[in-house]
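Subject: Structure handover

Hello,

Here is the structure we spoke about. Please open it alongside this note, and my findings follow below.

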Amino acid sequence: MSREFSFELLGENGAARRGVVHTARGDIRTPAFMPVGTLGTVKAMYLDQVRDAGADIILGNTYHLMLRPGAERVARLGGLHEFIRWPHPILTDSGGFQVMSLSGLRTMSEKGVTFQSHIDGSRHEMTPERSIEIQGLLGSDIQMQLDECVALPADPDAIRRAMELSVRWAERCKTAFGNQPSRAMFGIVQGGDDARLRETSAKALTALDLKGYAIGGLAVGEPQDVMLAVLDATCPLLPGDKPRYLMGVGTPQDILRSVARGIDMFDCVMPTRSGRHGLAFTRRGRVNLKNARHAEDLRPLDEESDCPAARDYSRAYLHHLVRSGEALGGMLLSWNNVAYYQQLMQGIREAIEAENFPEFSARTESEWERGDL
Ligand code: PRF
């Protein structure tokens with residue numbers, strides 16, 4: 001646990017960056033995609049599969065884990081890594097976003113947010129200090145500041161107030177986090193779709209000299225071109241020697257276009273959630289296994305993949321499993337999708353190294369367009 005957290009920039013191709021985040025629990029190759037393990041499980045997958053698919057880090061959620069099984073309990077059980085048997089890096093989200101999207105009645109104040117559990121209606125208080133305390137009890141390697149994220153479109157005044165509050169909460173989180181060389185606390189840029197508010201946020205957070213910077217408040221209802229314009233306005237203002245994490249994004253296309261603008265880390269429920277709903281991501285685009293056209297299709301999703309879920313099972317069988325509501329359908333498709341996302345990230349990393357990322361990106365997008373194999 002003694003190795004210091006650091007970020008090493010290995011290469012650049014335009015604004016796209018190839019790097020490594022060094023943590024006490026191992027290296028994270030960037031650009032990285034972090035499968036979401038909200039409740040200490042990447043849903044419907046064994047963590048060995050997640051690892052073998054190529055994931056260096058997974059994400060956990062403060063909000064969910066504090067409610068069940070409880071942060072103090074996880075700490076007594078040896079910490080989250082030990083509890084879930086994942087010895088590699090874990091990033092935890094702070095809870096701010098999940099309180100907004102999941103909890104019942106909530107009240108925001110300067111101090112923090114009080115909310116009602118979506119599980120049993122019990123009342124809880126989340127302050128910046130408590131969020132960092134919980135993330136420490138979990139043993140998270142990369143901890144996120146508590147922030148306020150507003151869904152778009154939103155009133156400009158509400159966007160500004162949430163951004164300013166988030167900056168003040170970043171300062172309190174930094175103080176609460178203190179000096180922990182082997183771990184990191186990231187700030188979160190807010191500011192909605194307003195480039196000037198994003199600039200204010202990015203500058204204020206940069207002045208705090210944090211170990212990494214996330215961009216929050218995107219993929220919350222705005223069109224993709226708005227999100228990309230915010231990245232164009234924000235990435236150049238963030239320090240080049242710190243990792244940049246775009247929270248809750250996204251589709252494979254969002255990822256390619258965001259890497260092109262200088263994003264290093266991503267997380268999203270899309271590969272696992274879509275998998276449980278019968279949707280497969282492949283080199284040739286998305287395949288909806290619910291569709292009757294697959295009922296007698298003996299081809300696998302991708303015979304060239306090294307993921308068994310993509311290579312060894314017929315579309316007909318996957319269709320049958322999904323139609324029958326069998327658990328194995330969601331398991332195989334989640335596995336396929338997490339493996340596809342990791343293959344995409346590996347391709348992105350290699351292309352940046354070879355300095356042909358724009359060509360790789362264009363080729364990858366046009367392969368999706370071509371459709372079925
Ligand atoms: N803040 C936090 N977590 C998040 C977001 C945010 O803005 C988003 C927005 N896409 C996803 N997850 N703390």
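Let me start with the second largest pocket. It has a lining of 15 residues, and those nearest its centre are Arg 283, Tyr 340, Gln 343, Phe 360 and Thr 364. Two elements give two or more residues to that lining: helix H14 (327–353) and helix H15 (357–370). The volume of the second largest pocket is about 270 Å³. By class, its lining divides into 4 nonpolar, 5 polar and 6 charged residues. Please keep in mind that this is a predicted model.

**The largest pocket**

The largest pocket holds about 620 Å³ of space. Its lining counts 32 residues. Nearest the centre of the largest pocket are Asn 61, Phe 97, Gln 98, Asp 267 and Val 269.

Which elements each supply at least two residues of this lining? They are strand S5 (58–61), helix H5 (96–102), strand S14 (265–268) and helix H11 (270–276). H5 gives the most, with 4 residues. The lining of the largest pocket has 14 nonpolar, 12 polar and 6 charged residues.

**Cavities**

A search of the whole structure turned up 2 cavities of 30 Å³ or more.

The largest cavity has a volume of about 40 Å³. Its lining is made of Phe 281, Thr 282, Arg 283, Asp 302, Ser 305, Ala 310, Asn 336, Tyr 340 and Gln 343. Arg 283, Tyr 340 and Gln 343 have come up already: they are among the residues nearest the centre of the second largest pocket. Strand S15 (279–282) and H14 each supply at least two residues of the lining of the largest cavity. H14 gives the most here, with 3 residues. By class, the lining of the largest cavity has 3 nonpolar, 4 polar and 2 charged residues.

The second largest cavity also has a volume of about 40 Å³. Arg 29, Ala 32, Phe 33, Gly 54, Asp 56, Ile 57, Gln 342 and Arg 349 line the second largest cavity. The residues lining the second largest cavity divide into 3 nonpolar, 2 polar and 3 charged.

**The ligand**

How many residues surround the ligand? There are 13, and the closest are Asp 93, Asp 147, Gly 217, Leu 218 and Met 247.

In Asp 93, an N or O atom of the side chain is 2.6 Å from a nitrogen atom of the ligand. In Asp 147, a polar side-chain atom lies 2.7 Å from a nitrogen atom of the ligand. With Gln 190, the ligand atom is an oxygen, and a polar side-chain atom of Gln 190 lies 3.1 Å from it.

**Two loop residues**

Next, Ser 140. You will find Ser 140 in the loop between helix H6 (128–138) and strand S10 (142–144). Is Ser 140 buried or exposed? Ser 140 is buried, because its relative accessible area is 1%, under the 20% cut-off.

The side chain of Ser 140 makes a polar contact of 2.7 Å with the side chain of Thr 92. The Ser 140 side chain also reaches the backbone oxygen of Ile 90, at 3.5 Å. Beyond neighbours within four places in sequence, Ser 140 is in contact with Ile 90, Leu 91, Thr 92, Gln 135 and Arg 183.

Last, Val 220. Val 220 sits in the loop between strand S12 (212–215) and helix H9 (224–234). Val 220 counts as buried because its relative accessibility is 14%, and the cut-off is 20%.

Which residues does Val 220 contact, leaving aside its neighbours within four places in sequence? They are Phe 97, Cys 149, Val 150, Ala 151 and Leu 152. Phe 97 is also one of the residues nearest the centre of the largest pocket. Val 220 and Leu 65 are 155 residues apart in sequence, and their C-alpha atoms are 23 Å apart in space.

Best wishes

Note on methods. Residues numbered from 1 in each chain as written. Predicted model: local features only at pLDDT ≥ 70, side-chain atom pairs only at ≥ 80, totals over all residues. Heavy atoms only, no water. Buried < 20%, exposed > 50% of the residue type's maximum accessible area, 1.4 Å probe, protein only. Polar contact = N/O pair within 3.5 Å; in protein donor to acceptor, adjacent residues only side chain to side chain. Contact = heavy atoms within 4.5 Å. 1 Å grid on protein atoms, 1.4 Å probe; cavity = no way out; pocket = protein on both sides within 12 Å on 5 of 7 lines; lining within 4 Å. Points joined across faces, edges and corners; volume = space filled by probe spheres on them. Nonpolar A, V, L, I, M, F, W, Y, C, P; charged D, E, K, R; others polar. Near = heavy atom within 4 Å.
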